Amino acid sequence: MKKLIGSTLLKLLGWKVQLDGDLKNLDRCILVEAPHTSNWDYLLGIMVYWKFGKRLKVIIKDSHTKAFYGGIIKSIGAIGIDRSQKNDLINVIAREFEKEDFSLVITPEGSRSYAKKWKLGFYHMALQAKVPIVLASGDYKYKTIKIGHMISYEDLTTRTFESVMDEIENYFKDINAKYPENYNPKIY
């Protein structure tokens, strides 16, 4: 049912999906999504994952997963994190990957507002969980979602940090955000 809903909504909204790699890349990864200037970015991502029949999770404030609607939030893939306490988020995520296969979407800009630099925790999560980084973007000018470009775990362990970040930055440099003034394509 989700496949039908995802495919139909994307078509009705006029979005195309461009797969940049093997569909299996979406089975188990840290999914880096940019630019992130609108809540539509996440909704479009959910539709793509539903279309492909893949599992997507996201980190959110645990107040949402503990609220009366928490069951619904968890059912669409939310992992609740208590942000008021220092938590070992990298190891928490690694333990989640020990339990099951899924893609964890990370928006490294950190918010929908302009960010001077990206948060790089996604890189450390991928290393600790021993999963690849997969890239995804929504280009609002062309109404195209690109997804699937993979940087393997082996690449993460053998290449320099800088070369990995340069590849990621290059991938996202020409993407047209919904609100371009809120997007900084420079990682650091």
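**View 1. Lys143 in the loop between strand 6 and strand 7.** Lys143 lies in the loop that joins strand 6 to strand 7 (144-151); helices (H or I, at least four residues) and strands (E, at least two) are DSSP runs, numbered from the N terminus. Its phi is near 50°, a positive value in a residue other than glycine. Lys143 counts as partly exposed because its relative accessibility is 33%, where buried means under 20% relative accessible area, exposed over 50%, and partly exposed in between (1.4 Å probe, protein chains only). A word on the model you are looking at: it is predicted, local features need pLDDT of at least 70, side-chain atom pairs count only at pLDDT 80 or more, and totals for chains, interfaces and linings use all residues. Residues are numbered from 1 along each chain as its sequence is written, and side-chain values use heavy atoms, with hydrogens and water left out.

**View 2. Lys130, with another positive phi.** Here the loop is the one between helix 6 and strand 6 (133-139), where Lys130 sits. Lys130 is not a glycine, yet its phi is positive, at about 60°. With a relative accessible area of 56%, Lys130 is exposed.

**View 3. Helix 5 against helix 6.** Helix 5 (residues 89-99) packs with helix 6 (residues 121-129) at an angle of about 45°, and their axes are 8 Å apart. Axes are lines fitted to C-alpha atoms, for helices over the stretch in contact, and angles run from 0 to 180 degrees between N-to-C directions. That angle makes helix 5 oblique to helix 6, since angles under 35 degrees count as roughly parallel, over 145 as roughly antiparallel, 65 to 115 as roughly perpendicular and the rest as oblique.

**View 4. The cis peptide bond at Pro35.** Follow the chain into the loop between strand 2 (29-33) and helix 2 to find Pro35. The peptide bond from Ala34 to Pro35 is cis, and its omega is near -10°.

**View 5. Gly53 and Gly77.** Gly53 is in the loop between helix 2 and strand 3 (56-61). At 48% relative accessibility, this glycine counts as partly exposed. Gly53 and Gly77 are 24 residues apart along the chain, and 13 Å separates their C-alpha atoms.

**View 6. Leu4 on helix 1.** Last stop: Leu4 is part of helix 1. Leu4 has 55% relative accessibility and therefore counts as exposed.
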